[in-house]
Amino acid sequence: MVRPKALGGALTALATVAAGVFIATAVSTAPASAAGTGTGYLHTNGSQIVDSTGATVRLTGINWFGMETDNKTFHGLWSSNPWRGQLDTMARLGYNTLRVPYSNDALKPGATATGINDFVNPDLIGLSPLQILDKVINYAGSKGMRIILDRHRPTSAGQSPLWYTSTVSEATWINDWKMLAQRYAGNPTVIGADLHNEPHAEGTNPAATGACWGCGDTARDWRLAAERAGNAILGVQPNWLIFVEGVSCPSGGLSNVWDNDPSNDEDCGWWGGNLSKAGQFPVRLNVANRLVYSPHEYATSVYRQTWFDAPDYPANMPAIWDKYFGYLYKQNIAPIMMGEFGSTLADPKDRVWLEKLMAYTGTGVTGMSFTYWSWNPNSGDTGGIALDDWTNINTTKQAILQPYLIAPSGGGPTGGPTGGPTSGPTGGPTTPPPGACTATYRQVNAWQGGFQGELTVKNTGTAAVNPWSVTWSWPSGVTLGSGWNATVTQSGTTVTAAAPSHAPSLAAGASVTVGFTANGAASAPATVKLNGAGC
């Protein structure tokens, strides 16, 4: 995540997890084709991102981190909510894009993924970090979501001011990007590369050693490095978008943090958040219409920047955002995809900040794109959309973001830019007529003494079912292990999947997929009913 000019080191608090290693077979990837995220590969047109048909696309996504840490794979795989269930929830809430942070450690031959609950995620047993990523990309693509890969750290030990370190060279950075571009070539679910996370200042001016913008020093000029890496990637995969973050201080040196010398002061911002020099020194790529600028922006729970205590706060914020990145969008220079922004919302100022920031990005499909930080509840200074059980959600944060989310096709009944479920008639639950639903079952996996499955129920009626509830029966001896996408309980041989509070309505023509693990002999659900009416 992002750090301000006055902070150093990696401070993100990560949960302590139990280690576990598991393997399965690789899966094929599926191309994305969705109303929310367009068709085919994406490119740019002025300040907009457009799809292969020229239709405008707005990426409204979320970060799911972990692959950049010692676990080398997504966090929360240790929870009772299977990985598919977490992606189901993201898509249903309206997140059409997933930004995936990784470190180069996770890409090494022999890299091992840890912190996985093998009972809940038996299909991940023994997989390498890249093989798990393959599965996540495949499933996300089947839901119409897009993937942005984010080189978050050179090693799992922490972030770095520059794109290279003494142990991870620029050549390694670029070669790993080329490997990923080749691995996912031909799969438009993966739309691009966020080249390096949060380049930032280091050292005291004038002896700066950190990332600068436009200074001309090839060892420190992030703009020039972004061109080298971006063009190398486009040489392998010319269809990818190249996401370029800002710096913190354009000189690459900490201004007045240590020396208190006003003569060395300059305009500094968040790590990766300062694109004030990009207009004067633009990133030049060999393939036209592939550049997206990707600033980071945070609130007081990360660091209390001076502007939060200005007398005219929050009216001062739009001008600050204009200066750091918004002018690129407003002057039709390039699209903006805000790669990280978030807060615990513990300070009332932070809620105002988030509301103002979302309004600043604009409404509808032509607004600025974004990926919220984060899905993970274990981000120490922001928290997440998911709560600590990795199943329920933070409804306060979600309510602020919801009007700006454009759900992927297949992401559930939340629908378009304004989101929100469709309400049925008042006065109690809606009961569809018999035959107004269909049910399909897929066994995901099986092992000795248990199995994992997905039951998809579609409302084929002409009215919303609100709140919805699905029931089915199992043979005697089959018992529920865990469930997701609903509140799943069992009484005798009858299983009930009740609608979650954040998505109570099942619109006409919409489907819901209830996932579960169970103990006993693998058995398909029988006598499936939607609100009491047989499917």
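## Three disulfides

Counting a disulfide as a pair of cysteine sulfur atoms within 2.5 Å, the count here comes to three disulfides. With bonded cysteines counted along the chain, they follow the pattern 1-2, 3-4, 5-6.

This is a predicted model, where local features need pLDDT of at least 70, side-chain atom pairs count only at pLDDT 80 or more, and totals for chains, interfaces and linings use all residues. Residues are numbered from 1 along each chain as its sequence is written, and side-chain values use heavy atoms, leaving out hydrogens and water.

## Cys-212 with Cys-215

Let's start with Cys-212 and Cys-215, joined with an S to S distance of 1.9 Å. Cys-212 is buried at 0% relative accessibility, while Cys-215 is partly exposed at 36% (buried means under 20% relative accessible area, exposed over 50%, partly exposed in between, with a 1.4 Å probe and protein chains only).

## Cys-249 with Cys-268

Next, Cys-249 is bonded to Cys-268, S to S 2.1 Å. The link is right-handed, with 125° about the S-S bond. Both Cys-249 and Cys-268 are buried.

## Cys-437 with Cys-535

Cys-437 is buried, with a relative accessible area of 4%, whereas Cys-535 is partly exposed at 39%.
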